[in-house]
Amino acid sequence: LTAKKNPGQGPDRRVFLHHAAAASASLLAQVPAVHAGGSGEIKVGLIGCGGRGTGAAEQACKAGDEVRLTALADLFPDRLREKKAYLKDVLGDKFQVKDEHCFTGFDAYKHLIDSGVDVVLLATPPHFRPRHLAYAVEKGKHAFVEKPVAVDSPGVRSVLETCEKARQKKLSIVSGLCWRYDDGMRETMARVHEGAIGDIVALQCTYNVGGLWYRSLKEKEAQGWGDMEWQIRNWLYFTWLSGDHNVEQHIHSLDKMAWAMKDEYPVRAYGVGGRQARTAPDFGHIYDHHAVVYEYANGVRCFSMCRQQPGTAADVSDHIFGTLGMCNAMAYRITGKNPWEFPRSRRRRGDMYQNEQDALFGAIRAGNPINDGDYMCKSTLMAIMGRMATYTGQVITWDMAMHSQEDLTPPVYDLKASMPIPPVAVPGVTKYR
Ligand SMILES: NC(=O)c1ccc[n+]([C@@H]2O[C@H](COP(=O)([O-])OP(=O)(O)OC[C@H]3O[C@@H](n4cnc5c(N)ncnc54)[C@H](O)[C@@H]3O)[C@@H](O)[C@H]2O)c1
């Protein structure tokens with residue numbers, strides 16, 4: 001470990017390799033128009049024209065001269081119209097979306113995938129991810145896959161299978177677990193892996209925030225939305241759509257813990273959770289706090305907490321405790337025997353999002369596929385495992401989480417379908433399935 005032997009001196013080999021990869025990705029971005037598909041141009045389609053999808057489309061178009069946005073899909077025409085106008089404005093020549101390549105409705109994703117694109121950006125609420133990715137890979141498309149990749153265990157199993165097919169077809173799958181593409185976090189984790197804090201003895205991750213956006217029942221009434229339409233427009237608050245915030249938001253922290261553990265996952269979890277502050281039906285039925293202890297096979301524990309309650313103290317941080325020191329990952333800082341901090345001069349906020357797209361398009365051009373499938377599925381499962389533990393009040397093992405038959409898919413996809421708000425889970429009553 002260079003950091004250990006020569007604290008404060010140049011990056012270690014592993015870090016250097018990360019830089020070399022990043023540098024070659026950006027060099028590749030300047031290479032003239034060629035890619036494994038042969039046509040020169042790389043056509044991109046966006047499925048889910050919301051905040052994140054729009055950002056990903058912009059970053060994709062910056063990932064190379066030959067990248068074009070050629071198709072858009074969203075369940076709702078108003079969402080598509082709004083983001084189409086925005087993207088047309090910001091992308092200039094790179095926006096080449098014809099009207100006949102704009103699709104809406106539940107089958108929009110299929111039409112987009114069949115419209116001649118090379119790459120799809122999947123950024124709908126996570127419930128839809130497994131089927132969207134399965135169809136994309138069946139049709140031979142590379143994919144950028146926003147987190148989480150599913151909301152239930154059957155969904156995770158489906159994505160694992162799809163990612164294996166992608167591997168066989170040499171298609172790239174880049175995950176939206178963006179911290180894995182953050183320069184500072186990469187160097188920090190490389191140091192943890194190479195022993196800067198010694199052996200890991202415990203982990204703590206926290207994702208405590210205030211309130212988030214929501215679409216009220218009053219608005220539902222005013223707009224004349226059916227139950228399903230309202231739930232999808234208000235998707236954060238329904239477990240079948242978001243997985244609950246232990247899955248939808250806190251997955252970022254849990255994935256960093258998995259990364260610190262060299263992609264080893266916990267063997268069991270237990271925890272507490274509930275809904276105390278955000279109790280109105282406008283907020284569906286998800287919890288507003290979860291606290292979960294994840295145990296690893298070697299006895300290490302990860303103490304995990306997340307909260308979404310307006311007016312409470314915010315804290316988004318990850319700490320890794322070792323025999324030689326501690327890593328405050330979000331501060332990119334190691335204290336103890338081998339103190340180190342990622343240089344402030346190299347910190348560039350938001351770069352991880354561009355790095356993801358640079359990596360994806362670099363891999364496509366080079367014909368050297370990236371497949372982030374394993375960790376993106378397992379980190380999603382770790383988050384679902386925590387939710388199962390807080391909802392049921394039981395100890396949930398990794399095997400229970402992996403083999404659960406709980407399928408949150410609704411009986412029909414119909415915006416007008418009658419769909420009461422599901423009951424809030426009650427520990428001790430809600431069953432593991
Ligand atoms: N990596 C990150 O930092 C990050 C940040 C924000 C969001 N996300 C993830 O990105 C995804 C989208 O989040 P967002 O904030 O952009 O949400 P959003 O609500 O702004 O956008 C989602 C879009 O998907 C559309 N949609 C819903 N169902 C659809 C379907 N079946 N087919 C096609 N379109 C459909 C919606 O109409 C909406 O326009 C989520 O999985 C979220 O967790 C990741």
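My entries below begin with the ground rules and then take the two topics in turn.

**Ground rules.** I note that this is a predicted model, in which local features need pLDDT of at least 70 and side-chain atom pairs count only at pLDDT 80 or more, while totals for chains, interfaces and linings use all residues. Residues are numbered from 1 along each chain as its sequence is written, and side-chain values use heavy atoms, with hydrogens and water left out.

**Salt bridges.** I searched the whole structure for salt bridges (a side-chain nitrogen of Lys or Arg within 4 Å of a carboxyl oxygen of Asp or Glu) and found 28. As background, side chains of opposite charge can pair when their charged atoms come close.

I looked up E187, which forms a salt bridge with R346, their closest N and O atoms being 2.7 Å apart. This pair links distant parts of the chain, since E187 is in helix α8 (residues 183–193) and R346 is in the loop between β14 (340–341) and α14 (351–366), 159 residues apart. E187 is buried at 4% relative accessible area, whereas R346 is partly exposed at 31%; buried means under 20%, exposed over 50%, and partly exposed in between, with a 1.4 Å probe and protein chains only.

I then checked D227, whose salt bridge with K220 has its closest N and O atoms 2.8 Å apart. D227 is partly exposed at 22%, and K220 counts as buried at 16%.

**The sheet.** I traced nine strands that form an open sheet in the order β14-β13-β12-β11-β7-β10-β9-β8-β15, with mixed pairing (two strands pair if DSSP finds at least two bridges between them). Because β14 and β15 (396–397) stand at the edges with a single partner strand each, one side of each is left without a neighbour in the sheet. Strands β7 (residues 200–209) and β11 (residues 315–322) run antiparallel and are joined by eight bridges, and I200 stands opposite G322 in β11.

**Helices on the sheet.** I found that helix α13 (residues 251–260) packs on the sheet and touches β7, β9 (289–295), β10 (301–308) and β11, its direction making about 165 degrees with that of β7. Contact means heavy atoms within 4.5 Å, and axes are lines fitted to C-alpha atoms, for helices over the stretch in contact, with angles from 0 to 180 degrees between N-to-C directions.

How values were computed
Helices (H or I, at least four residues) and strands (E, at least two) are DSSP runs, numbered from the N terminus.
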